Amino acid sequence: MADQKQLPGFQPVTPEPEEDFDWKGPDVIINEQPTTAVYRNTRNGIVIRQEMTGLDDEDQYVFFSTDGDVRTLIKALKRQIGDS
């Protein structure tokens, strides 16, 4: 195997200096988010479940008994994001 310095057109790459990045600055558009699942439980209700994080003792759950409850939630969420 040839030494890379002997290859035609080879130019060594100089590493760029580390930059200080502000993880709380305006460039950050989505903060860390727990993994989220949506599914039907054994009673046919809708469950929104978020995986436990280092700050939680267990997964977090939100239950909706009927499809109408879910539609009401969706309408409220759309209202909050200006998409009603």
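Visitor: Leaving aside neighbours within four places in sequence, which residues is Gln-60 in contact with?

Guide: Welcome! This is a predicted model, where local features need pLDDT of at least 70, side-chain atom pairs count only at pLDDT 80 or more, and totals for chains, interfaces and linings use all residues. Residues are numbered from 1 along each chain as its sequence is written, and side-chain values use heavy atoms, with hydrogens and water left out. With contact meaning heavy atoms within 4.5 Å, and neighbours within four places in sequence left aside, Gln-60 touches Ile-48, Arg-49 and Gln-50.

Visitor: What pattern does the protein chain follow along the sequence?

Guide: Helices (H or I, at least four residues) and strands (E, at least two) are DSSP runs, numbered from the N terminus. The protein chain has one helix and three strands. Reading along the sequence gives β-β-β-α.

Visitor: What is the order of the strands in the sheet?

Guide: Two strands pair if DSSP finds at least two bridges between them. Strands S1 and S2 run antiparallel and are joined by five bridges, while S2 (residues 46-50) and S3 are also antiparallel, over five bridges. The sheet is open, with the order S1-S2-S3.

Visitor: Which residue is the bridge partner of Arg-40 in S2?

Guide: S1 and S2 form a hairpin with five residues between them, and Asn-44 in the turn has a positive phi of about 70°. Across from Arg-40, the bridge partner in S2 is Ile-46.

Visitor: Is Gln-60 buried, partly exposed or exposed?

Guide: Buried means under 20% relative accessible area, exposed over 50%, and partly exposed in between (1.4 Å probe, protein chains only). Because its relative accessible area is 41%, Gln-60 is partly exposed.

Visitor: How many salt bridges does a search of the whole structure find?

Guide: A salt bridge is a side-chain nitrogen of Lys or Arg within 4 Å of a carboxyl oxygen of Asp or Glu. The side chains of Arg-40 and Asp-67 meet in one (2.8 Å, N to O), linking strand S1 with helix H1 across 27 residues. The side chains of Asp-59 and Arg-49 meet in another (2.7 Å, N to O). For the whole structure, the number of salt bridges is two.

Visitor: Is Asp-59 buried or exposed?

Guide: Asp-59 lies in the loop between S2 and S3 and Arg-49 in strand S2, so their pair ties together parts ten residues apart in sequence. Arg-49 has 29% relative accessibility and therefore counts as partly exposed. With a relative accessible area of 19%, Asp-59 is buried.

Visitor: What accessible area do Tyr-39, Tyr-61 and Phe-63 have together?

Guide: Patches are made of residues with over 30% relative accessible area and no salt bridge; like charges are joined within 9 Å, nonpolar side chains (Val, Leu, Ile, Met, Phe, Trp, Tyr) within 5 Å. Areas come from the Shrake-Rupley method with a 1.4 Å probe, and for residues only the protein chains shown count as cover. Phe-63, in strand S3 (residues 60-64), counts as exposed because its relative accessibility is 54%. Together the three residues form a nonpolar surface patch with an accessible area of about 310 Å².

Visitor: What percentage of the residues of the protein chain count as buried?

Guide: The protein chain exposes about 8400 Å², and carbon and sulfur atoms supply 51% of it. Of its 84 residues, the buried share is 8%.
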